Structure formats: structure tokens, C-alpha cells
Amino acid sequence: MPGYSLSDSKDTHQRRGELMPYTITPLLVGVRNVDQGIMTYQQGYGKRIWLPMWAFLLREKGGEGRTVIVDTGLEDFVNPPEFIEDTGLEALFMDEALEQQGLTANDVDAVINTHLHDDHCGNNPMFENTPIYVQRAELEACLHPHPLDYRYEPSFVEDLDVRPVEGDTEIFPGITLMATPGHTPGSQAVKVETEDGPVVITGMCCSGENFPENGPAICPGVHCDAFSAYDEIQKLKALRDQGATLLPLHELSLAGKTIG
Ligand SMILES: [Zn+2]
């Protein structure tokens, strides 16, 4: 057939709206010991919890075979002996975590930052030749932070291939960024199509505790606008009620799982 090529066939595939499913593997790339109130606004204060930092490894089945990382974890941390004793888990540095998956930073086609707090983008400089997708409002917050928010550093974005997006955007077939401001000015959830249905990485710092079986979701404990953070987390809960799987950014029980 004249003009036929593999890429033509892929384009047709995408035009027809066929979804390229992904698998999602959370990689443990940091840990902190914090107060529960950091996660759940006005609830649980005084209780210490282990807070895992995940880099979510997305691998496309078929299609372009893309490899995407959502969040890049803490640049530097220690594994407290009590964490290993309590959980049997050990956080890895980002390059070690990738190596365990048979990957290097060069194999990653795109990075998405849910937001630019240090526990979600500390290893961005490892991906100097990789497009990094972040909401424009978040980029502004990182470069011109409010004095109350000390967790932004220009090095998370400077001299990198940052691609600012505005609002809800499908960046690849099967991966849609969803603006969920409130935790930070430009935090974004990531909706990923998998063979098990849609999966939403929450984008705001929370855990399973924020999503009780009954009643409204609990506002994130950290926010720049509590009302907006509350409203956005209710939208995430509504997606779960409609059948989506939620992956809260700091949920410990994601360890060792692959979704999709
Ligand atoms: Zn966080």
C-alpha cells in the first residue's frame, strides 16, 4: 500500500482512541518519619508515621513502549534502622531503584512531577536530557516561593528540559495530567490507563488515611489553600467511587506492588 508505514499505523491507532495500557510500579526512593497531621488536616496529630516517597515507574505495553517516571523522590536520605525493622523495607537512591528495574536515567522517556516539593523532584537533575512535565503554576511557585514554603529549590527545574502545562492535558495516549491545586499552587494528579482500568496518582501528599470508606475525603495536612485542597481531594474520591484506583502519593502499602 503506498505511503504505508509502521508510524502511520500507530497514528491511526491513536486517532481511533485505542488506549495504550501501562503498568505502574512504585519505587521506594526515600523515607521520613513525620506526624500523621502532615497528611490529614486537623486529624491524627501526635501520631508518628513512616512516610514513604515513591517514584512511580510507568511502562507502556505496546504502542511506543514508553517509560515514564512520576516524581523522582528525595535526593538524599538515610534509612532509619527502625524503618527497616518495622516494615522490612529499605528505600533506594533513584539510580539504584532504576537499576533494580534494569533501567538507567537514559531509558526514561519523560518525567512528570506531581509538584515540586523536595520529596517529589529531588532527583530531577539526574534527568537532564528528559522532558519534565509540570504545571506552569507550580513552576512559578518553585522559582518564586512563598516564604512559608521552604521545600522548593531552583535546582529542581533550572537547566532542565521543563515543559510547563496548563490545566488538564493528555500528554501521551493513556496518560492525562489533571490540575488539582490546593496542596501547592500547581499540584497535579496523573491519570493512567491500565489493563485494570484507570489509575489516578493523587498529586497531593496524602495516604490511604485520607480516603475513609464513608464520608468525605480528609483534606491534606499541608496546603497553600485548604478550601481548594479539600475540594480537589473530593474530586479524587469521586473518581475512586466511579471505579478508578487511587494511588495516594505517600501510601506505605504500595510497596512491592505492580498495578495494571
Ligand atoms: Zn509529599
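Let's start at the hairpin of E2 and E3: 6 residues sit between its strands, and Gly62 there takes a positive phi near 75 degrees. The labels are DSSP runs numbered from the N terminus, with helices (H or I) of at least four residues and strands (E) of at least two. Keep in mind that this is a predicted model, where local features need pLDDT of at least 70 and side-chain atom pairs count only at pLDDT 80 or more, while totals for chains, interfaces and linings use all residues. Residues are numbered from 1 along each chain as its sequence is written.

Back to the two strands. E2 and strand E3 (residues 67–70) run antiparallel and are joined by 4 bridges, and two strands count as paired if DSSP finds at least two bridges between them. Within this pairing, Leu58 stands opposite Val68 in E3. E2 (residues 48–60) also pairs with E1, again in the antiparallel sense, over 12 bridges. Here Thr23 stands opposite Arg59 in E2, and Pro26 has Phe56 in E2 as its bridge partner.

Now zoom out to the sheet. It is open, has 6 strands in the order E1-E2-E3-E4-E5-E6, and its pairing is mixed. Strands E1 (22–35) and E6 (162–165) stand at the edges; each has a single partner strand, so one side of each lacks a neighbour in the sheet. On average, neighbouring strands are turned by 25 degrees against each other, direction ignored. Over on the E5 and E6 side, helix H5 (residues 136–143) lies across strand E5 (132–135) and E6, running at about 90 degrees to E5. For such angles, axes are lines fitted to C-alpha atoms (for helices over the stretch in contact), and the angles between N-to-C directions run from 0 to 180 degrees.

Next up is Thr87, in helix H2 (residues 81–87). Leaving aside residues up to four places away in sequence, Thr87 touches Trp50 and Leu252; contact means C-beta atoms, placed from the backbone, within 7 Å. Thr87 and Trp50 are 37 residues apart along the chain, and their C-alpha atoms are separated by 9.1 Å. Thr87 counts as partly exposed because it has 14 C-beta neighbours inside 10 Å; on that count, 20 or more means buried and 12 or fewer exposed.

How far can you trust all this? The protein averages a pLDDT of 92, and 93% of the residues score at least 70; pLDDT is the predictor's confidence in each residue, from 0 to 100. Over residues 1–16, though, the pLDDT is below 50, and this stretch has 3 contacts in the model beyond near neighbours in sequence. Where pLDDT is low, the predicted coordinates should not be read in detail.

Conventions
Two residues are in contact if their C-beta atoms, placed from the backbone, lie within 7 Å.
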